[in-house]
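Please consult the sequence and the model while reading.

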Amino acid sequence: MADVVRLDAIARECRVQIIRMLAHAGSGHPGGSLSVIDLVVTLMFGRMRHDPKRPDWPERDRLILSKGHAVPALYAAMARAGYFPEDQLITLRKLGSPLQGHPDRTTLPGIEAATGSLGQGLSISLGIALGLKMAGWPARVYCILGDGEIQEGQVWEAAMSGPQLGQPQHPLDNLTVILDYNKIQLDDFVAKIRDLEPVLAKWQAFGWPVVEIDGHKIDQIDKALDQAEATRGKPFFIVAHTVKGKGVSFMENQPEWHGKAPKPAEAIAAVREILGVSEAAWEEYLAKDSTTRALVGELRALERK
Amino acid sequence: MPGKATRAAFGEALLELGARDERIVTLDADLSKSTMTVAFAKKHPDRAFNLGIAEQNMIGTGAGLALAGKIPFVCSFACFLVGRFETIRISVAYTNANVKLVGTHAGIAIGEDGYSQMGLEDVACIRSLPNIAIVQPADELETKQAVAYAVEHEGPVYLRLTRQTMEPVCPPDYRFRLGQWLVLRGGRDVTLIGSGGPIGNCLEAARLLAAESISAEVVNAASIKPLDEDLLLRSAGRTGHVVTVEDHALAGGLGGAVAELLGEVMPTPLKRLGVQGFGESGDSKGLYAKHGLDPAGIAASVRKFLNR
Ligand SMILES: Cc1ncc(C[n+]2csc(CCOP(=O)(O)OP(=O)(O)O)c2C)c(N)n1
Ligand SMILES: [Mg+2]
């Protein structure tokens, strides 16, 4: 059983860091980072076997964030786990930083694949899962897809391949795929651009066991991951219903927050909401909490720049 | 005229031309806000198709629309279009479909998003196909004319556009023609051939060099395929030194095209400036400086090349 309270607290910290690093960068993708963070945190802090000190440990579990533009979520979780110092988060997207705008495995140990061109992560995940099986390693592979992303044809080539590849000796039951179904892509709502429905039936028809969950409820995510691990002979698919921009009222369900960074004042408001503090109680909260006070100071300084 | 991103000029041109020519349609792959076809789509919702994040299907559908008599503008980031090269190769090029491919967000100048979103190999790939014309306009005026030209031109065209603002460089009476370059500044010692993003920096570099008595001719090479062979050979014959400047991988771009021609027809000392290795995240100014595409970097390369 996952420690829901602990994971929720970590996810909250990561949300704050996502806002912080995007405000510093001045560009990037808050919506999809906030929708995916509960999934990432539940995986990295509650499920996966990995070691920040040994990012190249061959038997580690792998996380492929196929929707690479949401990499601030991954960076926040990686820093929290100890892959690199938290100070480094604010170098996101700056010249020379290993924290590239989209994941680069050659600059940052712990990143498993270059993603950012949508549609490629599931195929890579199939290959890794097959390779691990062939090596006889018990490691598991997790792949997170965006809902807009699965409009890409390559995803459906991989979907067709997943339940069949490696059979019968090496079925890919070490692979779990999670759809971050936040209902919004770049230009507009997914249903307005190219509807996916019935998405569950589509994956089922391609031969995947599928469950549907609330992607912000840690216990539901955890339970689905249990089911995935218990499934033999096939990879597993989780449709996670999420809210784009989750945790920040003015970003939630707003297509315009797909790909723009919060201004410093917006970032401060966002942090306050994520921490669950009312406007009235904010000054008092800051007086007591030195960490948040420092963060807000940092964001205010950005405004003066 | 104030500066304008060439993608923005493209969006305006589409709106203008689309009102007059019913055959014009647009296809997008969830980047219509970035490729700037949104205004056209608002005006002509029945002629604008957003196919979702599915570039390969978009390109093929565009080819089909062309075969049915439409003039489709098929738009995405340059990298995602050329990422579906084999579809372009067969459905557009080999089919000889009258498709206008529009690749925006050319080069490292897009900055912070990093390599995966940068069009850096598009010219090299598309240049290898026998029948696709390649045009990279320098400013608003040239972009609008190039778009109008693409509508009139029978056959596939690739338009390469910038995300960033481009300052005007073409004179008001300028007329774009495929296969014709424009001398922006006359010179005796070296021919600087620029295209797209760094064209303004070429002019600035020429000013820096002039202060050191190096006379650089600056040429705007909007037409990358075909090249303006006459102008190139004439200018290179006079100056004896050619430098190409582009926001594209060093291999196979404008510099490669110029090298191929000069090497066969009139071997001339040549220096190619462009992007080395993969691009990366950063501010566009810093990235141009790192790759020697800023005025100081271009001037330094010219100095070294001329042994001055
Ligand atoms: C192949 C490709 N085409 C286009 C893009 C540009 N792009 C970046 S994010 C995005 C929308 C993604 O939507 P979705 O998968 O739903 O992600 P989320 O909502 O989780 O942010 C697009 C079109 C891209 N990165 N890759
Ligand atoms: Mg989405």
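How many bridges join E6(B) to strand E7 of chain B? There are 3 bridges, and the two strands run parallel. The model is a predicted one, in which local features need pLDDT of at least 70 and side-chain atom pairs count only at pLDDT 80 or more, whereas totals for chains, interfaces and linings use all residues. Residues are numbered from 1 along each chain as its sequence is written, and chains are lettered from A and ligands numbered from 1 in the order in which they are written.

**The sheet of chain B**

Strand E7 covers residues 157-160, and within this strand B:Val157 is the bridge partner of B:Ala133. Both E6 and E7 belong to an open, mixed sheet of 7 strands in chain B, ordered E3-E2-E4-E5-E7-E6-E12. Strands (E, at least two residues) and helices (H or I, at least four) are DSSP runs numbered from the N terminus, and two strands pair if DSSP finds at least two bridges between them. Strand E3 (48-50) and strand E12 (223-225) of chain B each have a single partner strand, so one side of each is left without a neighbour in the sheet. On average, neighbouring strands of this sheet are turned by 20 degrees against each other, direction ignored; axes are lines fitted to C-alpha atoms, for helices over the stretch in contact, and angles run from 0 to 180 degrees between N-to-C directions.

Helix H1 (residues 6-20) of chain B packs on the sheet and touches E2, E4, E5 and E7 of chain B. The direction of helix H1 makes about 140 degrees with that of E2(B).

**Domains and contacts**

Chain B is assigned domain 1 (4-166) and domain 2 (182-305), with bounds from an automatic or database domain assignment. Their centres, taken over C-alpha atoms, are separated by 25 Å. Residues are in contact if their C-beta atoms, placed from the backbone, lie within 7 Å. Domain 1 of chain B gives 27 residues to the contact and domain 2 of chain B gives 30 residues. Between the chains, the contact takes 24 residues from chain B and 24 residues from chain A.

Two sides divide by class as follows.

Definitions and conventions
Contact = placed C-beta atoms within 7 Å.
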